Amino acid sequence: MDNEMAKANVLLESLPYIRQFYGQTLVIKYGGHAMRDEQLQKQFALNVVLLKYIGLNPVIVHGGGPQIGQMLSQLGISSEFKEGLRVTDQATMDVVEMVLVGRVNKNIVNLINQHGGSAVGLSGKDGGLIQARKMEMVVSKKDAPPEIIDLGRVGEVVRIRTEVIKALDRDRFIPIIAPVGVDEDGETYNINADSVAGAVAVALGAKRLILLTDVAGVLAASGDLLSTLTRREVLEAIENGTVQGGMIPKLKCCVQAVEGGVEKAHIIDGRQENSLLLELFTQAGIGTEIVS
């Protein structure tokens, strides 16, 4: 009986949060270990289906870097990275689109549908969902002119056409979006999934942006988890070197989202089972939230 009472208390604790999020849109970037571990895949699918059934509108944007790298290796196509981004020539772009849209996206759709949801897969080409342009990367050099880096078919988001996503939401479907965009000339681009998730969140007026990662969240120099950061504190942490490497673009994405009207952005540990529910429906949460 004590165990059953504990379960009832958990439900009561979550009630204010369910009421707060009812009818609201959540954009979730799905990637990292959570996409590769079978148990975590199942838990993620169940979490997303539960969110939909209790009245929230989850929108999923997924990555797929390891899967792309594996396929490129099998095909004998070498990968080159500059400033953390994969240089994407035409051959690589063909593989990126094949893997992200043809394999990874459909696997996630199937996973959620198997666990009671109704998911629909989209790429940025569908309905002109992700309108993009070629990314121009300029890297500042100390005591030297800035270096212009050509990343090939790597793009950045110009605009998100939300009509398709909203139509799916109205009909109780869960949109699953592959981060492939298209420009006005019909050229296809590989786009960073975190950036796409942030842009989708802003365009939809989402209440929350959630990035699943392979770390506990943003850590202080002492190694302690920073549970809440303001926009100003994020910029200071980047400037003073408290955060480094791959966490920097994720934080910048979160800052841009809250600047664009998203109430809060979250960086959470996708290796933790039920991480979405723990972050959204418990007082303590499990990751780092970024607020305006």
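How many bridges join strand β13 (residues 208-213) to β15, and do these strands run parallel or antiparallel? Six bridges join β13 to β15, and the two strands run parallel. This is a predicted model, in which local features need pLDDT of at least 70 and side-chain atom pairs count only at pLDDT 80 or more, while totals for chains, interfaces and linings use all residues. Residues are numbered from 1 along each chain as its sequence is written, and side-chain values use heavy atoms, with hydrogens and water left out. Helices (H or I, at least four residues) and strands (E, at least two) are DSSP runs, numbered from the N terminus.

**The sheet**

- Eight strands form an open sheet with mixed pairing, in the order β5-β10-β2-β1-β13-β15-β16-β14, where two strands pair if DSSP finds at least two bridges between them.
- The edge strands are β5 (119-123) and β14 (228-230), each of which pairs on one side only.
- From one strand to the next, the twist averages 20 degrees, with axes taken as lines fitted to C-alpha atoms, for helices over the stretch in contact, and with angles running from 0 to 180 degrees between N-to-C directions.
- In general, the strands of a sheet pair through backbone hydrogen bonds, either parallel or antiparallel.

- Strand β1 (residues 25-30) runs parallel to β13 and is joined to it by four bridges, and isoleucine 28 stands opposite isoleucine 210 in β13.
- Isoleucine 210 also has a bridge partner in β15, namely histidine 266.
- Strand β15 (residues 264-269) is mostly covered, since five of its six residues are buried, where buried means under 20% relative accessible area, exposed over 50% and partly exposed in between (1.4 Å probe, protein chains only).
- Four bridges join β15 to strand β16 (residues 288-291), and these two strands run antiparallel; the bridge partner of lysine 264 in β16 is valine 291.

- The contact is made by Asp194, Ser195, Gly198 and Val202 of α6 and by Lys250, Cys253, Gln256 and Ala257 of α8.

**Cysteines**

- A search of the whole structure finds zero disulfides, a disulfide being a pair of cysteine sulfur atoms within 2.5 Å.
- Cysteine 253 is in no disulfide, and the nearest cysteine sulfur, that of cysteine 254, is 5.4 Å away.
- Cysteine 253 counts as buried because its relative accessibility is 5%, and cysteine 254 counts as buried because its relative accessibility is 0%.

**Methionine 135**

- Methionine 135 is found in the loop between β6 (130-134) and β7 (137-141).
- Although methionine 135 and glutamate 156 are 21 residues apart along the chain, their C-alpha atoms are separated by 5.4 Å.
- Not counting residues up to four places away in sequence, methionine 135 touches Leu85, Leu151, Val154, Gly155 and Glu156.

How values were computed. Contact = heavy atoms within 4.5 Å.
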